[in-house]
Amino acid sequence: RSGGTWSEVLGIDPRDELYAAASDASGAFVGGSNGALYQLGGGALEPLRTGTIEDVSALAVASDGSAYAVTAGPCPDLSCPTPQGNLLVRTADGIWNQVPDFGAPGPLYAVAARSADDVFLGGEDGTAWHFDGTGATPLTTPAFGAIRAMRVCGSDVWLGSDDGTIAKFDGATGFDPATSLGTAIWAIDCSSATNSWVAGDY
């Protein structure tokens with residue numbers, strides 16, 4: 001969007017379905033099927049290599065410029081019974097790498113980041129993790145549906161889930177329930193810690 005006008009960005013492979021977007025002052029990232037990831041900056045679109053064929057389901061850029069993507073399958077190997085969610089991190093040289101020794105037991109659908117050592121991941125059945133730059137720790141949540149949305153608002157981190165749960169990170173080991181809308185939450189956005197929006201099923 002430029003001002004109040006939206007225009008199509010050309011250069012996306014027509015085989016790629018797009019599922020996720022995130023941005024900072026320098027530009028934007030969009031991701032989608034089969035590991036597709038693109039960077040938009042200065043009016044130019046650049047395809048990036050992720051080293052995965054799994055679908056990029058969510059993206060996040062922290063205030064320090066670190067960037068993250070999570071995947072939701074499909075399985076790269078026909079022998080795996082359930083798609084495993086993985087975390088991709090953009091390194092200082094601009095290369096995206098999969099975090100080793102971390103794989104969620106199911107697809108990941110949401111990611112939010114406050115900094116390079118303060119990243120939150122959401123997946124199936126209300127599961128969530130905190131990534132500190134080296135490893136991931138499980139977090140408790142009141143959700144029992146898939147966590148579809150996570151967002152940093154000010155210093156707070158919020159999540160929304162398939163079962164309508166909206167919850168805020170307690171600063172320690174999990175998320176406290178704020179409210180339930182009774183319908184699936186697909187997106188959360190905010191302009192400050194006290195001014196937020198959610199979107200979902202009606």
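Reader: How many disulfides does the count come to?

Author: In general, a disulfide is a covalent bond between the sulfur atoms of two cysteines. Here a disulfide is taken as a pair of cysteine sulfur atoms within 2.5 Å. By this rule the count comes to one disulfide. This is a predicted model, in which local features need pLDDT of at least 70, side-chain atom pairs count only at pLDDT 80 or more, and totals for chains, interfaces and linings use all residues. Residues are numbered from 1 along each chain as its sequence is written, and side-chain values use heavy atoms, with hydrogens and water left out.

Reader: Which residues does the disulfide join?

Author: The disulfide joins Cys-153 to Cys-190, with an S to S distance of 2.2 Å. The pair links distant parts of the chain, 37 residues apart. Cys-153 is in strand S13 (residues 147-153) and Cys-190 is in strand S17 (residues 185-192). Strands (E, at least two residues) and helices (H or I, at least four) are DSSP runs, numbered from the N terminus.

Reader: Why is the disulfide of Cys-153 and Cys-190 called left-handed?

Author: The torsion about the S-S bond is about -105°, so this disulfide is left-handed.

Reader: Is Cys-153 buried or exposed? And Cys-190?

Author: Buried means under 20% relative accessible area, exposed over 50%, and partly exposed in between (1.4 Å probe, protein chains only). Cys-153 counts as buried because its relative accessibility is 0%. Cys-190, at 14%, also counts as buried.

Reader: Which value of phi does Asn-34 have, and which does Asp-125 have?

Author: Most residues other than glycine have a negative phi. In this model, Asn-34 has a positive phi, near 55°. Asp-125 is another non-glycine residue with a positive phi, near 55°.

Reader: Where does Asn-34 lie, and where does Asp-125 lie?

Author: Asn-34 lies in the loop between strand S2 (27-32) and strand S3 (37-41). With a relative accessible area of 48%, Asn-34 is partly exposed. Asp-125 lies in the loop between strand S10 (118-123) and strand S11 (128-131). Its relative accessible area is 58%, so Asp-125 is exposed.

Reader: Which residues is Leu-37 in contact with, leaving aside its neighbours within four places in sequence?

Author: Contact means heavy atoms within 4.5 Å. With those neighbours left aside, Leu-37 is in contact with residues including Phe-29, Val-30, Leu-48, Leu-59 and Trp-96. Leu-37 and Leu-48 are 11 residues apart in sequence, and their C-alpha atoms are 5.4 Å apart in space. Leu-37 lies in strand S3 and, at 1% relative accessibility, counts as buried.
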